[in-house]
Amino acid sequence: MFASRWLKAAAKHVAEVARLQGILPELWRVQLQLLIAAVVLGIASVPARAHEAAGDKAASAKSRMTTQELADWIDQRLAEEYEIAGLKAGEPVDDATFLRRAYLDLQGRVPTVAQIRDFLADSGSFKRQDLVDRLLIETKQPERYAQRSADHLARVWRRMMIPASSPGAAMGSRLDPWLARQFANNTPYDVVARKLLLVQVPQPMGPLVDVPSTPTPADPDAAAAVFQQAIGATPENLAGAYVRVFLGIRINCAQCHDHPATDWKRDDFWGIAALFSGAPAPGDQPTAAPTIKPEADKDIQFTAKLLWQDEPLKEIPAKKSPREVLADWLVSPDNKNFAATAVNRVWQYLCGRGLSGPVDELDLIDNESERKVLDELATLFKQSGHDIRWLIAGITKSKVYQQRVVPTTPREFSGFVHRPLKTLLPEQVFDSLEQSLALPIAKADNGPRFNGERDQFVARMNESATDQPADFKGGIPQALMLMNGRLTADATNLDTSRTLRAVVEAPFLPPAEKIEVLYLAALTRKPTTEEADFLLTHVNQHKTDAERKAAYAEIFWGLLNNPEFVLSR
């Protein structure tokens, strides 16, 4: 009885957000139906049952903006667009919401209760800007903010680069350490792109012949080849993947026929693929442009060709490989889609939608005014030296990033207008559970991160993962994973839950403060007055110490299964 009443009460706080997006009601409906069924069976209420800082390492112009100047530019420029659209930006979020949002976006997890209390108690005028800088660049132990940020952004970027439908998607996570090093070192984005394009995929080893007496130094970027292996290292797969990831264009439809929705022709697709088709090593003389035959039994051949060019390439310059020619063109300042796509992807990740159109379909925008702001911001990104950390810091310091979630309107044509709710990535959900529950994280403790539980959790949650942060398609398996999974079960078991035991057994905390701590740990906010009154009444109606402890366990279980836990509000 209590479980259903509690969830209904907790739902009131997020009901308005639910109405705005249409995301929470679906999950709420699924979870509530499951809870009602559980209550009917008499099992739902038993807790034990739930078994500035952008780095200066990137080469950049001395005159580039600071991250705060970039944030101010974003706010001023987009204020003009709000006025043109006849709309208003959302009101700024409160400190607790901003803190949760920043930690999820930059660290991949929720903050600790202590971090929440410290931030809320800070009266500084620039504490939000200082937080962004700290999360992105501070390296001191034990927080390791900069490394956590790099690790998390690596997972985000890898998911974008290697879709779940890729032939080798299962091996995609092996790219994470290499990507994390690039983010940690703040490697310029154009350099990252070149590395990914020019790295050689390891070939099967044959018999050793004439082994040199001095070993060849290991390539520090060899792991970047995982990208090519995961997407399938054929010329056509490579062509489609690199063009989508770095230029925001889905050109695959032109593989078998001219693209039905755009001007891309077969010779555009196969012209790029020809540059991956294998060619002699660079020499002192120019070589003929490579060609490719899509079907060996047909006499159709395509010559290497760059996009937006009318004619195929005549030759490959001396001392250049076809891939080097492609890399030079790809990251060239004249290729406006390269920087624009990077900016659009970062904007989509942080703000829920791309700044201009779908991030993988920039070519479908036929009205230049629709991508005017994107192109302007991309120009600033290029001037920064393609500094991703600078871009992330500037966006997260802006008022646009910090606005509340507001209703979507029929006139909502671009990501800059309003912020949607964002669904968390599977790794974010697990890492937030790990933080909220104070799970063991040392390898010696054989915690979930090391005993396979994390991998199983992420694999199950991956079944409902989407390509768009604002999309949600979770269903019963994912709801059950949270409601009845071992992690949640242990979280509400006083014998195994560190967080719950610490709260319940704290003699210096009155019941109201115990409820508050549970809210802070799970949802990064204090309970509303209505929630606090309802739950305090529920706790106080129990007479024995054991019953009150069980009541706190029920509350914590309900918070962890609240849709608010798996969303960035």
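**Entry 1. A buried pair**

I began with D360 and R345, and I found both residues buried. Their side chains meet in a salt bridge, with an N to O distance of 2.5 Å. I then placed the two partners: R345 sits in helix α14 (336-351), whereas D360 sits in the loop between α14 and α15 (372-383). The pair is 15 residues apart and links distant parts of the chain. I note here that the model is predicted, and that my entries rest on it.

I next looked up E564 and R525, whose side chains meet in a salt bridge at 2.8 Å, N to O. This pair also links distant parts of the chain, at 39 residues apart. I located E564 in the loop between α24 (545-560) and β6 (567-568), and R525 in the loop between α22 (511-523) and α23 (529-540). Both E564 and R525 are buried.

**Entry 2. D221 and K195**

I recorded a further salt bridge between the side chains of D221 and K195, at 3.6 Å from N to O. Because D221 lies in the loop between α9 (189-198) and α10 (226-231) while K195 belongs to helix α9, the pair ties together parts that are 26 residues apart in sequence. K195, at 24%, is partly exposed.

**Entry 3. Salt bridges overall**

How many salt bridges does the structure hold? I noted 25 of them. I also found a network of salt bridges that links R77, E80, E81 and E376.

**Entry 4. Cysteines**

I looked for disulfides and recorded 0 in the structure.

I turned to the second largest pocket, which has a volume of about 610 Å³. Its lining comprises 19 residues. Which of these lie nearest the centre of the pocket? I listed R109, R144, R148, E434 and I441. Two helices, α7 (145-161) and α17 (426-437), each supply at least two residues of the lining. Sorted by class, the lining of this pocket has 10 charged, 5 nonpolar and 4 polar residues.

Conventions
Residues numbered from 1 in each chain as written. Predicted model: local features only at pLDDT ≥ 70, side-chain atom pairs only at ≥ 80, totals over all residues. Heavy atoms only, no water. Disulfide = S-S within 2.5 Å. 1 Å grid on protein atoms, 1.4 Å probe; cavity = no way out; pocket = protein on both sides within 12 Å on 5 of 7 lines; lining within 4 Å. Points joined across faces, edges and corners; volume = space filled by probe spheres on them. Helix = DSSP H or I, 4+ residues; strand = E, 2+ residues; numbered from the N terminus. Nonpolar A, V, L, I, M, F, W, Y, C, P; charged D, E, K, R; others polar. Salt bridge = Lys/Arg side-chain N within 4 Å of Asp/Glu carboxyl O. Buried < 20%, exposed > 50% of the residue type's maximum accessible area, 1.4 Å probe, protein only.
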